[in-house]
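Dear colleague,

I am passing on the structure below, followed by some notes on what was found in it. Please read the notes with the model open beside them.

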Amino acid sequence: MSRISLLKGKSPEYLRALADSLQRAMEEAFNVPKNDRFQLIHQHEPHEMLFDRSYGGGPRSDDFVLIAITTGKPRSTEVKQAFYRRLVAGLAESPGVRPEDVMVVVSTAQGDEWSFGSGLPAASLLAPQP
């Protein structure tokens, strides 16, 4: 699951391009299956999204995007680094986000901490059936 946070004011086409580029990077470099797409886009007023323009990178502009990803299985450092590179390259292509304006946080939740629906743990739905 991915949460994309940015300042208000972008067009629906921009938001779709942002989400599509994230999904492509996840499929190509983060070993995410094609149909595993759950994204939430949060647009904030300037007083609701506070960020330092230079801490740990930058300089950041008003096009800053914070992407928080919760994944069900851990990824190696190498996989995460390749994903970060693929993501910023894809976002630079479409919708045109500068790499300095992209922050990513990856968190891991175990299979019993997910339910895709019907009140069933994800692990029971994704496990191979006998």
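**Arg60 and its surroundings**

The side chain of Arg60 reaches the backbone oxygen of Tyr55 at 2.8 Å, which is a polar contact (a pair of N or O atoms within 3.5 Å; within protein, one must be able to donate a hydrogen and the other to accept it, and residues adjacent in sequence count only if both atoms are side-chain atoms). This is a predicted model, in which local features need pLDDT of at least 70 and side-chain atom pairs count only at pLDDT 80 or more, while totals for chains, interfaces and linings use all residues. Residues are numbered from 1 along each chain as its sequence is written, and side-chain values use heavy atoms, with hydrogens and water left out.

Arg60 is placed in the loop between β2 (39–44) and β3 (65–71), where helices (H or I, at least four residues) and strands (E, at least two) are DSSP runs numbered from the N terminus. Arg60 is buried but has no salt bridge, and Asp52, the nearest side chain of opposite charge, is 4.9 Å away. Here buried means under 20% relative accessible area, exposed over 50%, and partly exposed in between (1.4 Å probe, protein chains only); a salt bridge is a side-chain nitrogen of Lys or Arg within 4 Å of a carboxyl oxygen of Asp or Glu. Apart from its neighbours within four places in sequence, Arg60 is in contact (heavy atoms within 4.5 Å) with residues including Phe51, Arg53, Glu100 and Asp101.

**Salt bridges**

The count comes to eight salt bridges. In one of them, Arg86 pairs with Glu28, with the closest N and O atoms 2.6 Å apart; because Arg86 lies in helix α2 (residues 77–93) and Glu28 in helix α1 (residues 12–29), the pair ties together parts that are 58 residues apart in sequence.

Arg53 pairs with Asp62, the closest N and O atoms being 2.7 Å apart, and both are partly exposed, Asp62 with a relative accessible area of 47% and Arg53 with 40%. Asp101 forms a salt bridge with Arg98, again with 2.7 Å between the closest N and O atoms, but here Asp101 is buried, with a relative accessible area of 0%, whereas Arg98 is partly exposed at 33%.

**The whole chain**

The protein has three helices and four strands, which run β-α-β-β-α-β-α from the N terminus on. Of its 130 residues, 29% are buried.

Terms used
Lys, Arg positive; Asp, Glu negative; His and termini not counted.
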